[in-house]
Amino acid sequence: MKVSGWGGYLWAQTQLLPYEGLIRGRGIVRGLGRSYGDASFYGKGYTWHTRSQQRILKWEEGTLVAEAGLSLYDLIRHILPKGWFPPVVPGTQFVTLGGAFASNIHGKNHHVEGSFADHIDWIELRLPSGELRRLTPAEELFWATAGGMGLTGVIERLQLRLIRIPSSVVHHEVRQLRDWEALLSAIEAEEMHYPYAVAWVDHTDWRSRGILHLGRFAEAGELTFRRAHRLAFPITPPFSLIGRLTVELISAYYWRKYRPGTRLTSYAEFFFPLDGIQRWNSAWGRRGFVQFQFVVEKVVSLERLWRELQAAPARSFLTVLKRLGPQRGPLAFSGPGWTLAIDLPATREVRAFLVRLADLVAEEGGRIYLTKDSLLLPQQARAMYPNWETFRQIKAQVDPEGCLRSDLSERLRLTE
Ligand SMILES: Cc1cc2nc3c(=O)[nH]c(=O)nc-3n(C[C@H](O)[C@H](O)[C@H](O)COP(=O)(O)OP(=O)(O)OC[C@H]3O[C@@H](n4cnc5c(N)ncnc54)[C@H](O)[C@@H]3O)c2cc1C
């Protein structure tokens, strides 16, 4: 069966089978396929999906034990009416708990709450030998699995600590910043006052104007679960619907939509604005798109990379900037530093441009986020993840025959 990442650019014919508690042959486990590139499938073998592992097994105030195939969407449906919320959420609810742990995802609150794995009491990991290990944060294998892209074992269950929320509505402050300097200063000045902070940068504007979104759950109000996917993208057109003109129109619309000031915004619109349209990624056409997300420590490095991106062969309507705190684990992506994520069409020129830019990211001591990557070369990945060797040693102990492998791990020679 043909399977791709969310960007639609990388894909493979793979044997897609339900995961049934055993790792037989060579392959990788897949959640909801929201990683952008080739992390969630293996073309030369098996791809095991976790769709039948979605049960909530135990629920006590603030603590949840669930199977790793449960999506954040279904989790929120269960816990939100009771006044609870996941501690860390990405820009879509359609990720599984296993996928969230394996990428050790960050949210708009990374500067306050850290990454997903920081809120996990234990995971149960199935090793290729068949052994099931319960791992706590005291163990090295726990941190190698957080961000380990499914290569150390299959997470079957985990225990997650939730956060209390007084309402499902976010007190949302919008700041419009007319240029790059103003945007960076505003992020630095404001983010400590709010648990959630993220900025959109206008890639079509030469001054790099931007919109800073700041938020905290409102003190009192409704606790209403919102259904996603009110609209659906019907087909994948053979060509991209996103060209220079559409990007300019969308960017101008976005700037006008978010007038400065405070407002109450539903949690769904604040955290998951793109989930309103099912399969929105199809708008990029059959060629697909790539997301380039990097983190660098210093602001001068960010500025150097942004100057380069301003001369990219295509424009983007989705460029997101945020600060990250530190993270643990040999394949940890996060900071401390600045992260910027930009969506661009997967044309030949753009791909060649981004591969060159990845060299600059490495030169600046930064990293590309593996769960978003479609383009890195093996030597670039090794330069960016200097603890790669530690990861490899840990993997060799639990998977000596190299059963767990993906197209990503082979492309980057992470499993050799
Ligand atoms: C619109 C959008 C916005 C996003 N925003 C953010 C964001 O703000 N922050 C962020 O950090 N990420 C973000 N992401 C990326 C996303 O959170 C990660 O790619 C996440 O891992 C996807 O989860 P999934 O269930 O779809 O996993 P998949 O994409 O299916 O798999 C991702 C990786 O997890 C592994 N995996 C999946 N399940 C298991 C399991 N049970 N055991 C072991 N390994 C497993 C896979 O092998 C693979 O390596 C975003 C993605 C999209 C599409």
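Guide: Start with arginine 259. This residue sits in the loop that connects helix H6 (244–257) to strand E17 (261–266). Helices (H or I, at least four residues) and strands (E, at least two) are DSSP runs, numbered from the N terminus. The model is predicted: local features need pLDDT of at least 70, side-chain atom pairs count only at pLDDT 80 or more, and totals for chains, interfaces and linings use all residues. Residue numbers start from 1 along each chain, as its sequence is written.

Is arginine 259 buried or exposed? Arginine 259 counts as exposed because it has 10 C-beta neighbours inside 10 Å. The cut-offs: buried means 20 or more other C-beta atoms within 10 Å of a residue's own, exposed means 12 or fewer, and partly exposed is in between, with C-beta atoms placed from the backbone. Serine 185 is 74 residues from arginine 259 along the chain, and their C-alpha atoms are separated by 19 Å.

Now the sheets. One is open and has 5 strands, ordered E6-E7-E11-E9-E10, with antiparallel pairing. Two strands pair if DSSP finds at least two bridges between them. Strand E6 (56–60) and strand E10 (132–135) are the edges, and each pairs on one side only. From one strand to the next, the twist averages 10°.

Look at strand E9 (residues 120–126). E9 and E10 run antiparallel and are joined by 4 bridges. Glutamate 124 faces arginine 134 of E10. Leucine 125 has arginine 133 as its bridge partner in E10. The hairpin of E9 and E10 has 5 residues between the strands, and glycine 130 there takes a positive phi near 105°. E9 also pairs antiparallel with E11, through 6 bridges. Arginine 126 stands opposite valine 154 of E11.

A second open sheet has 3 strands in the order E3-E5-E4, and its pairing is parallel. Strand E3 (15–18) and E4 are its edges; each pairs on one side only. Neighbouring strands here are turned by 30° against each other on average, direction ignored. E4 and strand E5 (residues 46–49) run parallel, joined by 4 bridges. Arginine 30 has histidine 49 of E5 as its bridge partner.

Next, the ligand. There are 33 residues around it, and Gly31, Pro90, Gly98, Gly99 and Gly150 come nearest. A residue is near a molecule if its C-beta atom, placed from the backbone, lies within 6 Å of it. Strand E4 (27–30), helix H2 (97–102) and strand E11 (154–161) each supply at least two residues of this shell. H2 gives the most, with 4 residues. The shell holds 15 nonpolar, 16 polar and 2 charged residues. Here Ala, Val, Leu, Ile, Met, Phe, Trp, Tyr, Cys and Pro are nonpolar, Asp, Glu, Lys and Arg are charged, and the others, Gly among them, are polar.

Last, two helices. H8 (residues 299–310) packs against H9 (residues 348–363) at about 170°, with axes 10 Å apart. So H8 is roughly antiparallel to H9. Under 35 degrees counts as roughly parallel, over 145 as roughly antiparallel, 65 to 115 as roughly perpendicular, and the rest as oblique. Axes are lines fitted to C-alpha atoms, for helices over the stretch in contact, and angles run from 0 to 180 degrees between N-to-C directions. Arg304, Leu305 and Glu308 of H8 meet Leu357, Leu360 and Val361 of H9 (contact: C-beta atoms, placed from the backbone, within 7 Å). These contact residues divide into 4 nonpolar, no polar and 2 charged.

Technical notes: Contact = placed C-beta atoms within 7 Å.
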